[in-house]
Amino acid sequence: MKENMQKICDKYMDYIMEQLQNLLAIDSPTGYTGQVGEYLAAEYGRLGYAVTRTRKGGVLADLGGSGNAVLMMAHVDTLGAMVAEVKENGRLRLTPLGGLNAHNVETENCVVRTLDGRSYEGTVQLMDASLHVNGKYQETERSFDTVELLLDEPVSSKEDVLALGIGNGSYVCMDPRTRITGSGYIKSRFLDDKLSTAILLGYARYIKEEKVALSRRVYQHITVFEEVGHGACGSVPGEVEEVLSVDMGCVGDGLECTERQVSICVKDSHGPYHYETLRALIQAAKEGEIDYATDVYPHYGSDADAALDAGADARHGLIGPGVYASHGYERSHRDGVANTFALLKAYLG
């Protein structure tokens with residue numbers, strides 16, 4: 001990365017990390033995003049931007065500039081669960097929100113949030129979870145038919161649970177378990193996509209503090225239904241010519257990206273991204289000496305895909321910091337954050 005760009009990235013890194021931790025501390029599974037939306041609207045306002053709250057609950061900020069409008073998108077909704085049944089023994093059967101996997105939440109601490117505003121702690125466990133008791137513990141397939149939620153309340157019947165206000169439709173929010181290591185690694189649930197949301201806030205602060213004269217009209221849209229596929233299906237300003245999702249970059253077998261790079265996705269399960277956008281992103285990365293990788297994501301859909309599926313007539317692209325173990329306990333690195341920030345700076349000016 002070029003020296004001047006590195007200095008700019010370093011200047012805003014602490015702010016990005018602060019915002020990441022603030023966002024991760026706010027529960028926001030798909031459908032339960034009011035509090036995090038209020039936080040984002042207030043933060044954009046503190047930075048000096050006017051925002052619009054979409055009817056779905058997203059946050060749309062106008063960063064200024066003119067001509068050839070581009071809409072950057074990240075999402076702040078996360079995976080989670082919902083109570084699907086209160087069992088007679090006081091345990092809870094869950095249904096996933098988004099792609100939550102039962103294998104990845106066994107033994108996870110969580111909070112149950114009721115539809116009347118109360119909250120209770122609990123843990124997701126395999127049914128009959130004691131190895132000293134259950135001889136079939138090892139061979140039992142983990143699914144939402146075999147794991148359950150145990151409330152940290154003195155309940156032993158369905159009636160006990162209902163009396164707490166917990167019922168079908170109560171939200172279940174998993175503990176993110178955020179940790180940032182001295183070596184720069186970022187470990188947490190829900191880096192997808194609160195990490196990129198924090199990067200967009202960092203870019204918005206950079207534009208304001210450095211008094212950057214944008215060569216394009218730039219919007220940022222933080223969506224709240226990406227995990228179920230319709231986050232950006234509305235609220236694309238009419239003059240937008242390009243939509244750019246800033247989401248997690250995939251790290252895994254058969255892919256080049258690492259957690260320390262910015263990934264430029266060339267194709268996902270919806271198809272290829274726009275050639276002109278890809279070429280311009282790669283050119284900006286090369287000219288800025290930014291550490292990047294290009295990859296095909298085999299099982300992925302983005303807000304840019306959703307916007308085009310909904311009828312947006314725009315070029316589209318997808319970038320993001322490399323994230324390992326997606327939809328589980330995820331890991332990235334400060335270098336991946338810096339390279340993503342640098343690519344936005346180089347690409348948008």
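1. The buried residues of helix 5 pack against strand 13, strand 15 (262-268), strand 17, strand 18 (315-324) and helix 7 (334-348). Helices (H or I, at least four residues) and strands (E, at least two) are DSSP runs, numbered from the N terminus. Contact means heavy atoms within 4.5 Å. This is a predicted model, in which local features need pLDDT of at least 70 and side-chain atom pairs count only at pLDDT 80 or more, while totals for chains, interfaces and linings use all residues. Residues are numbered from 1 along each chain as its sequence is written, and side-chain values use heavy atoms, with hydrogens and water left out.

2. Which residues of helix 5 are buried? They are T277, L278, L281, A284 and A285; buried means under 20% relative accessible area, exposed over 50%, and partly exposed in between (1.4 Å probe, protein chains only). Seen down the axis of helix 5, these buried residues fall within an arc of 130 degrees, so they line one face of the helix. The arc is that of the directions from the helix axis to the C-beta atoms. On the other side of helix 5, Y275 and K286 are exposed. An α-helix has 3.6 residues a turn, so residues three or four places apart point the same way.

3. The length of helix 5 agrees with expectation: its 13 residues should span 18 Å at 1.5 Å a residue, and its end C-alpha atoms are 18 Å apart. The expected span is 1.5 Å times one less than the number of residues.

4. Two residues other than glycine have a positive phi. E289 follows helix 5 and has a phi near 55 degrees; its place is the loop between helix 5 (275-287) and strand 17 (292-296). S235 has a phi of about 70 degrees and is found in the loop between strand 12 (218-223) and strand 13 (240-246). At 35% relative accessibility, S235 counts as partly exposed.

5. A cis peptide bond joins D192 and D193, with omega about 5 degrees. D193 lies in helix 4 (residues 191-209).

6. Strand 6 (residues 109-113) pairs with strand 7 (residues 119-126) in the antiparallel sense over 5 bridges; two strands pair if DSSP finds at least two bridges between them. N109 has T123 of strand 7 as its bridge partner. Strand 6 also runs antiparallel to strand 9 (residues 171-174), joined by 4 bridges, and the partner of V111 there is C173.
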